[in-house]
Amino acid sequence: MIKKQPNINFGAAILFVIFGLLFFVLLYRFISIQITGEAGGEILAVKAQQKYEKERTIEAKRGTIYDRNGEVIATDTNSYKLIAILDESMTTNKKNPQHVVNPDKTARELAKVIDMKESEIYRLLTQLNPKTGEKPFQVEFGKAGRDLSNQKKREIEELKLPGITFIKDTKRFYPNGVFASHLVGYVEKKETEDNKTESVGMLGIEQSLNDVLTGKNGKVNYESDIWGYLLADSKEKVTPAVDGKDIYLTLDKKIQTFLEDSMSKVNEKYKPKKMIAIVADPKTGEILAMSQRPSFHPKTKEGISETWHNEAVENSFEPGSTMKIFTLAAAIEEGVFNPNDLYKSGQYAVDPKSRPVGDHNKGQGWGTISYYEGVLRSSNVAFAKIVKEKLGYEKFRDYLSKFKLDQPTGIELPNEAAGKIQYEWPRDKATTGFGQASTITPIQQVQAATAVANDGKMMKPHIISKIVDPNKKDSVEKTEPEVAGNPISAKTADEVRKILEDVVSSPKGTGYKLFNIEGYEVAGKTGTAQIPKPGGGYLTGRQNLFFSFLGMAPTDDPKLIVYVAVERPQIDIHTSGAQPVADIFKPVMKSSLQYLNIEPEEQAKVQYDIIPSVIGASTEEAKNNLSKKGVNPIVMGKGKKVIDQLPAKNTKLMAGENVVLLTDKEQTIPDMTGWSLRDVMKVAKLGNLELNSVGNGYVVKQNLKPGSTFKKGDYLIVELELPSKKYTKSEDEEAVGNETEIESEEENMEVQD
């Protein structure tokens, strides 16, 4: 019998202890994983996701969009993406499942929290891979499961649904809501071919500079076992993400807010079909504000279906009489505009083969008037004659190109339209001069207007101030002001501005009262354009027009250009179509000038003077004496001697008031347009006329023609309207002219004011 060696027994005991310890370690590890669902401090579902993705992507941060002063307009913020784990192998402890166990309950509960029907959620949770016939490892919930806030994430977590988890993500945040929405654009998450999502800019700057904003994703590569777990001795290969560049716009948040607020008020009050507005710096071409209605909220997309277009850039239309600014500038530059030259207003035959051009008051015109008055009254005939007889068609066409009205401006926004110059027939050539036939965009008008506001230098409009690369220190791409052309001289620009100021300040101007701003001199031009209808012709009715105003201030050295257009506002018979336009232009221009610290002009104190007697003096001597007193002498007659006056001597009058003088021969009626009833009564009393007045306010119509003689006892009938309605008649006549032009070839009226 062989005796066992003691050292063999000792070795066996040691091996027993070692294997026993290993067994208990493995047993503890197994039980721990079953209870916690974690291994190495990591959730197995997350490790499984790494297995599924094969490599982990490091998301690049999309660049932030700022206004000119660094105020955030669009930026990325944290969000969460909802996923459901369907693979049963992810559950190692049935008491703590890590996959969706009950699709019915999960669909029912999730439908209460996310914007997806219960039936659709259930379909996703029970779908099979068509190729393998097996459940996918995980599913996502499309748009309804993306961009979830932290609050929404907590709501879902409180449901305690097995297999429902989240991946940290980002979403685009627009803190200002409806704010230059078509200019800024928005971002959508789109699925890629490899079942990943990427942010894609839609509309505006988000679209046109999508590549600049997007940056480049990084990634982490690693070695793994067959289960996808990171091997203990492997090394991660990291390619860092390159964040997108930040963009600073030329927009000013304050001015943009002024514009959005005014447009919202007008939209609510008048419910127009469409509105467009632009605020620009004429010295640099920078766009300080741009908006439109309908608009949309970039987060919710509410309103986006009403229009996908940036109307200021992507849509061209017949501009109406704002076009007369550039026709006038061309004529002055060529030296063919004499403001004192006379012409017969009313109608004008451009071409015997086509309808004559008519003034906007049903072709009646205002008799023989000066071209200066024709500009103030926005006479279509005046501008048709300027194009045909003074400039000539070819020269005028040259100026359309000089003002670049036949090509896109090149602003940094997508899908810019070029407009279309309709220049085949003589009538189209002439009517282009007052804003018909040819189409141009609002941004083209603003660019052209910078030449008038900026002493002849036309500035290219731009919306990008600078682009900053956050990945590189001191990496800044600045946009410098760019001169787009010099269509006119500084002298011409100054003269045009002075005439346009009279359009606003003179009682004969179409912008009188409506576009005056207390403390600031405004130069500008009204526009009333017809709207083409499908199949030819134009829409009829006083509401079916496109009302606009293109103005600049202060006149001497404009700091701002503001363009406003309102299509088909719902106005009553007593409201001018220009009123909604003025309700945007005036508060935006005034608030913006004050915000920019442009001081208003000092208002002169009202001065009174005692009127002397000029009875018995010669007509010329009387006029000179009264003019020196600062009052306005009105002569009734062609005689050389004054035989009566009103007000009488020693009356206290303000500067600028009318003093009516009656002469000894060929007593005539003055033009009383814009007069108060008090001044009309002076004429009636001096001429021994029977006065009848209709309405209240200021004179818009008189029965006795200016310059005609009268007899004692003749009837003088005047029609008056309140200041807010003073030019409503003109607008009404335009509407009638619209109907006349379309329905009757014999009347041949144009409707542009």
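This is a predicted model: local features need pLDDT of at least 70, side-chain atom pairs count only at pLDDT 80 or more; totals for chains, interfaces and linings use all residues.
**Entry 1: Lys-682**

I located Lys-682 in helix H20, which covers residues 677–687. Setting aside neighbours within four places in sequence, I found Lys-682 in contact with Leu-646, Pro-647, Asn-658 and Val-660.

The peptide bond between Leu-646 and Pro-647 is cis, with omega about -5°. Pro-647 belongs to the loop between strand E28 (642–646) and strand E29 (652–654).

**Entry 2: another cis bond**

I noted that the peptide bond from Arg-293 to Pro-294 is also cis, with omega near 5°. I placed Pro-294 in the loop that runs between strand E14 (287–293) and helix H10 (311–314).

**Entry 3: Lys-460**

I then turned to Lys-460, in the loop between strand E19 (458–459) and strand E20 (464–468). Its relative accessible area is 22%, so I recorded Lys-460 as partly exposed. Leaving aside neighbours within four places in sequence, the contacts of Lys-460 are Thr-284, Gly-285, Thr-409, Gly-410, Ile-411, Gln-447, Glu-482 and Ala-484.

**Entry 4: lysines over rings**

I checked for charges over aromatic faces. Lys-153 lies over the face of Tyr-80, 5.1 Å from the ring centre. Lys-402 lies over the face of Tyr-399, at 4.4 Å from the ring centre.

**Entry 5: aromatic pairs**

How many aromatic pairs does the count give? I found nine aromatic pairs. I took up the pair of Tyr-343 and Tyr-371: the ring centres are 4.7 Å apart and the planes stand at 35°, so the pair is tilted. Tyr-343 is in strand E15 (residues 342–344) and Tyr-371 in helix H12, so this pair ties together parts 28 residues apart in sequence. Tyr-343 has a relative accessibility of 3% and counts as buried; Tyr-371, at 3%, counts as buried too.

I next examined Phe-549 and Phe-585. Their ring centres lie 4.8 Å apart with the planes at 75°, so I recorded the pair as edge-to-face. Because Phe-549 sits in strand E24 and Phe-585 in helix H18 (residues 579–595), the pair links parts that are 36 residues apart in sequence. Phe-549 is buried at 0% relative accessible area, and Phe-585 is buried at 0% relative accessibility. Ring pairs join Phe-515, Phe-549 and Phe-585 into a cluster.

**Entry 6: nonpolar cores**

I asked which members of the largest nonpolar core touch the most other members. In this core of 91 residues they are Leu-183, Ile-205, Leu-249 and Phe-403. Beyond its neighbours within four places in sequence, Leu-183 is in contact with Gly-204, Ile-205, Leu-249, Leu-251, Met-290, Asn-310, Leu-413 and Ile-463. Apart from this core lies another, of 34 residues, including Tyr-520, Leu-545, Phe-547 and Ala-578.

**Entry 7: helix H17**

At 1.5 Å a residue its 16 residues should span 22 Å, and the end C-alpha atoms are 22 Å apart, so the two values agree. I listed the buried residues of H17 as Thr-492, Ala-493, Val-496, Arg-497, Ile-499, Leu-500, Glu-501, Val-503 and Val-504. These buried residues pack against helix H11 (324–333), helix H12 (371–376), helix H16 (442–453), strand E23 (523–530) and strand E24 (545–553).

**Entry 8: positive phi**

Ser-378 has a phi of about 60° and lies in the loop between H12 and helix H13 (380–391). Its relative accessible area is 0%, so Ser-378 is buried. Asn-597 also has a positive phi of about 60° and is found in the loop between H18 and strand E26 (608–610). At 60% relative accessible area, Asn-597 is exposed.

**Entry 9: the whole protein**

Finally I recorded the totals. The protein has 21 helices and 33 strands, and buried residues make up 50% of its 753 residues. Of the contacts between residues at least 6 apart in sequence, 70% join residues at least 24 apart.

Note on methods. Residues are numbered from 1 along each chain as its sequence is written. Side-chain values use heavy atoms; hydrogens and water are left out. Helices (H or I, at least four residues) and strands (E, at least two) are DSSP runs, numbered from the N terminus. The expected span of a helix is 1.5 Å times one less than its number of residues. Buried means under 20% relative accessible area, exposed over 50%, partly exposed in between (1.4 Å probe, protein chains only). Contact means heavy atoms within 4.5 Å. Rings of Phe, Tyr and Trp (its six-membered ring) pair if their centres lie within 6.5 Å; planes under 30 degrees apart count as stacked, over 60 as edge-to-face and the rest as tilted. A charge sits over a ring if NZ of Lys or CZ of Arg is within 6 Å of the ring centre and within 35 degrees of the ring normal. A nonpolar core is a set of buried Ala, Val, Leu, Ile, Met, Phe, Trp, Tyr and Cys residues joined through side-chain atoms within 4.5 Å.
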